[in-house]
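User: I'd like to go through some of the labels used for this fold and see what backs each of them. Could you take me through them?

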Amino acid sequence: MNNKILRAVDHTELSVDASWQDIKLICDDALKYNVASICIPPYYVKKASEYLKGKVTICTVIGFPNGYQTTEIKMQEARQALADGATEIDMVINIAALKNKEYDYIENEIKSIKEICSEKILKVIIETSLLTKEEKIKMCELVTLAKADYIKTSTGFSTGGATFEDVALMAKHIGPNVKVKAAGGISSLADANKFLDLGASRLGTSRIVKIIKAEAE
């Protein structure tokens, strides 16, 4: 079971005070445990890319954590991240635009970022803890229409993280071109496995590798 979980893990370190030693540890863990990717701040992407030399997939975040930057700023963030060596992008939607029912704005923003990513993976963070059920379903529709690769529950920096109910809901309402990433508060192997069973294909977590490392000691 552990290998199945690890292959789905985006091994994450997004703390605002993360040092290079913290990021280097994430890189070393990723090399050892064969995770799906590391997810790190944009500031560290270039250095991590040089350190890893293509041996690990590097994911980073844009519009993070609040999502209220303009589309143009997010586009530039994406371009810089990819130039620095990221091959996966996790973007935060403009939640205010969703609350205002500006659905075209959201869809076009996701499309704009996906065009920059091209064949590289784009995950769209919708911050489920701030949304109604109807808004979550609407975001499944918009992410599908915009042809992003994943819809992601949470930043881990808001009022709540992934829930089983949200992952099941998202898995039900996304199109066939979209996968689900559960992130935020995943703190046990049992919960990680349940998220996968409910339809998640990726898990954004800083704890799972730590748990597996502790078990091996």
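Analyst: Happy to! Two strands pair if DSSP finds at least two bridges between them, and strands are DSSP runs of E with at least two residues, numbered from the N terminus, as are helices (H or I, at least four residues). This is a predicted model, where local features need pLDDT of at least 70, side-chain atom pairs count only at pLDDT 80 or more, and totals for chains, interfaces and linings use all residues. Residues are numbered from 1 along each chain as its sequence is written, and side-chain values use heavy atoms, leaving out hydrogens and water.

User: What makes β4 and β5 a pair?

Analyst: Five bridges join strand β4 (residues 88–92) to β5, and the two run parallel. One example is Asp-90, whose bridge partner in β5 is Lys-123. On the β6 side, Lys-123 has Tyr-150 as its bridge partner; β5 and β6 (residues 150–152) pair over three bridges, again in the parallel sense.

User: Why is β5 called largely enclosed?

Analyst: Four of the five residues of β5 (residues 121–125) are buried, so the rest of the structure largely encloses this strand. Buried means under 20% relative accessible area, with a 1.4 Å probe and protein chains only.

User: How do you know which α2 residues meet α3?

Analyst: Contact means heavy atoms within 4.5 Å. Trp-20, Lys-24, Cys-27, Asp-28 and Leu-31 in α2 meet Lys-47, Ala-48, Tyr-51 and Leu-52 in α3.

Key:
Buried < 20%, exposed > 50% of the residue type's maximum accessible area, 1.4 Å probe, protein only.
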